[in-house]
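Subject: Structure handover

Hello,

Here is the structure I promised to pass on. Please open it alongside this message; my notes follow below.

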Amino acid sequence: MFMKKSRYNRQIILSEVGFEGQEKLQQAKVLPIGVGGLGSAALPYLVAAGIGEIGIIDDDAVDVSNLQRQVIYKTNSIGEPKVDEAKKMALALNSDIKINSYYEKLNATNAISLFENYDIVIDATDNLTTKYLINDASIITKTPFIYGSVFKFEGQVSVFNYRNGPSYRCLFPE
């Protein structure tokens, strides 16, 4: 992928990123699961940073009650699939990246085949059953996943299954 040096200059000049780091970002493949509150906050930063390929999976539609916290969506998007609207926003922000959208629910049938195509998975869900599914599929596919959770004014973030490290089930067995 051709890198537009001027677009990523502010990252490239950071010694912790540099030109090589930016090239790694452009080669990276990230799968955010859910583009609700957490996913819609993370997605613009992944896109702007120049992650080369981003998958978006969600089976929900934009709802008026979420517009105050899911700021990537607009009033005229109400009723539309979140993945479609998120993809439009992402490509408008950075047309040099690849966006794969999956308008479906993550489940035991599709999780492993999806995870095998990505370097990192981001759990931006609010469902415990899905969190355990993400954990188990990430162990099977050896895919690290970033976990995020928000409750009122408190938040948590962690990385699981990085280099066969602790899993979500290590922290929350049941």
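First, a definition for the helix pairs: axes are lines fitted to C-alpha atoms, for helices over the stretch in contact, and angles run from 0 to 180 degrees between N-to-C directions. Helices (H or I, at least four residues) and strands (E, at least two) are DSSP runs, numbered from the N terminus.

This is a predicted model, in which local features need pLDDT of at least 70 and side-chain atom pairs count only at pLDDT 80 or more, while totals for chains, interfaces and linings use all residues. Residues are numbered from 1 along each chain as its sequence is written, and side-chain values use heavy atoms, with hydrogens and water left out.

**Helix H3 and its surroundings**

Start with helix H3 (residues 37-49) and helix H4 (residues 82-93). Their axes come within 9 Å and cross at roughly 35°. The crossing of H3 and H4 is right-handed (a crossing is right-handed if the near helix is turned clockwise from the far one by less than a right angle, and left-handed if anticlockwise). H3 contributes Leu-43, Pro-44, Val-47 and Ala-48 to the contact, and H4 contributes Ala-86, Met-89, Ala-90 and Leu-93. Contact means heavy atoms within 4.5 Å. By class, this contact holds eight nonpolar residues, no polar and no charged. Ala, Val, Leu, Ile, Met, Phe, Trp, Tyr, Cys and Pro count as nonpolar; Asp, Glu, Lys and Arg count as charged; the others, Gly among them, count as polar.

Which residues of H3 are buried? They are Gly-39, Ser-40, Leu-43, Pro-44, Leu-46, Val-47 and Ala-49. Buried means under 20% relative accessible area, exposed over 50%, and partly exposed in between (1.4 Å probe, protein chains only). The buried residues of H3 pack against helix H1 (5-12), helix H2 (18-27), strand S1 (29-33), strand S2 (53-57), H4 and strand S4 (120-123). Just after H3 comes Gly-50, with a positive phi of about 95°.

Lys-82 sits in helix H4. Is Lys-82 buried or exposed? Lys-82 counts as buried because its relative accessibility is 3%. Leaving out residues up to four places away in sequence, Lys-82 touches Val-35, Gly-36, Asp-58, Asp-60, Ala-61, Val-62, Asn-66, Gln-70 and Tyr-73.

**H1 and H2**

The axes of H1 and H2 also come within 9 Å. They cross at roughly 115°, and the crossing is right-handed. From H1, Tyr-8, Gln-11 and Ile-12 meet Gly-18, Phe-19, Gln-22, Leu-25 and Gln-26 of H2. The residues of this contact are four nonpolar, four polar and no charged.

Tyr-8, in helix H1, is buried, with a relative accessible area of 2%. The C-alpha atoms of Tyr-8 and Ala-49 are 7.3 Å apart, although 41 residues separate them along the chain.

**The largest pocket**

The largest pocket has a volume of about 670 Å³. On a 1 Å grid over the protein atoms alone, a pocket is an open set of points where a 1.4 Å probe fits, with protein on both sides within 12 Å along at least five of seven lines; lining residues have an atom within 4 Å of a point. Grid points are joined across faces, edges and corners, and a volume is the space filled by probe spheres set on the points.

How many residues line the largest pocket? There are 30, and Gly-34, Ala-124, Thr-125, Asp-126 and Asn-127 lie nearest its centre. H3, helix H6 (128-141) and strand S5 (145-151) are the elements giving two or more residues to the lining. S5 gives the largest share, five residues. The lining has 11 nonpolar, 10 polar and nine charged residues.

**Two loops**

Lys-142 lies in the loop between H6 and S5. Its phi is near 60°, positive in a residue other than glycine. Lys-142 is exposed, with a relative accessible area of 60%.

Arg-163 is in the loop between strand S6 (154-160) and helix H7 (168-171). Arg-163 is not a glycine, yet has a positive phi of about 50°. Arg-163 is exposed at 70% relative accessible area.

Ser-167 lies in the loop between S6 and H7. Ser-167 counts as buried, at 8% relative accessibility. Beyond its neighbours within four places in sequence, Ser-167 contacts Asn-135, Ile-139, Phe-160 and Asn-161.

Best wishes
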